[in-house]
Amino acid sequence: MKTQLVAGLLVLALGACGSATEDPTVSTVPGDGSSGDTGPDAPVTAAPAPGGDLGGGRPQRVRPRPGMDEVRPVGWENARLTPNGRSLRITYWSGVEPCNVLDRVDLRYGDEEVAVTLFEGYDPDARDVACIEVALRKVVVVALEEPLGGRRITDGAR
């Protein structure tokens, strides 16, 4: 019995050791083309996308979707006043949906600052879902209820 168990585990382990070229779902990074080498060990010959993310430098635009579960505050990268002066453009790093969904954005107005807090959670309708661990740059535009004036913008999650 013990020998059969060890043999079965060995077969499973060896089956998981196939090369990436045998699996059509695994993509590889192309080389420079001069040597014809396009496998996963080929040298990288191009600079990463501007902004360092996978989205070609443009953040993914999101809108709040209230009703997420296990909502928590998340920090943001930067906040800029839109040209019309009536909204803020908040850029932040997050994960993929449905595991990381923007639930809401809270604005707290003070005399000298406006604190912006982003809240994320997971979509309760997505049951038994696995999400890949990858960072995505996202942006949300939030309407101001009061003019910003000379107040500075601070991250309410910090």
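Which residue lies over the face of F119? In this predicted model, R104 takes that place, at 3.9 Å from the ring centre. Residues are numbered from 1 along each chain as its sequence is written, and side-chain values use heavy atoms, with hydrogens and water left out.

**View 1. Overview of the protein chain.** From the N terminus on, the order of elements is α-β-β-β-β-β-β-β-β. Of the 158 residues, 27% are buried, that is, under 20% relative accessible area with a 1.4 Å probe, protein chains only. The accessible surface is about 10800 Å², and carbon and sulfur atoms contribute 53% of it; the areas come from the Shrake-Rupley method with a 1.4 Å probe. Among contacts (heavy atoms within 4.5 Å) with a separation of 6 or more, 70% join residues 24 or more positions apart.

**View 2. Confidence along the chain.** The mean pLDDT is 78, and 65% of the residues reach 70 or more. Residues 9-35 stay under 50, and the model has 16 contacts for them beyond four places in sequence. The pLDDT is also below 50 over residues 46-53, a stretch with 10 contacts beyond near neighbours in sequence.

**View 3. The open sheet β1-β7-β4-β3.** Four strands form this open sheet, in the order given and with mixed pairing. Its edge strands, β1 (60-61) and β3 (78-81), each pair on one side only. Two strands are taken to pair if DSSP finds at least two bridges between them. Strands β4 (residues 87-94) and β7 (residues 136-143) run antiparallel and are joined by eight bridges. Within this pairing, R89 has V141 of β7 as its bridge partner.

**View 4. Strand β6 and its partners.** Strand β6 (residues 113-122) is mostly covered, with eight of its 10 residues buried. Antiparallel pairing links β6 to β2 (residues 69-74) over four bridges, and P73 has F119 as its bridge partner in β6. Strand β5 (residues 101-109) also runs antiparallel to β6, through eight bridges; there, Y109 is partnered by V114. Three residues lie between β5 and β6 in the hairpin that they form. By contrast, β6 and β8 run parallel and are joined by four bridges, with A115 opposite T154 of β8.

**View 5. R104 over the ring of F119.** R104 lies over the face of F119, at 3.9 Å from the ring centre. The criterion for a charge over a ring is that NZ of Lys or CZ of Arg is within 6 Å of the ring centre and within 35 degrees of the ring normal. F119 is also the bridge partner of P73.

**View 6. Surroundings of R152.** R152 is found in strand β8 (residues 152-155). Leaving aside residues up to four places away in sequence, R152 touches E112, E113 and V114. The C-alpha atoms of R152 and G110 are separated by 9.7 Å, although these residues are 42 apart along the chain.

Technical notes: This is a predicted model: local features need pLDDT of at least 70, side-chain atom pairs count only at pLDDT 80 or more; totals for chains, interfaces and linings use all residues. Helices (H or I, at least four residues) and strands (E, at least two) are DSSP runs, numbered from the N terminus. Buried means under 20% relative accessible area, exposed over 50%, partly exposed in between (1.4 Å probe, protein chains only). pLDDT is the predictor's confidence in each residue, from 0 to 100.
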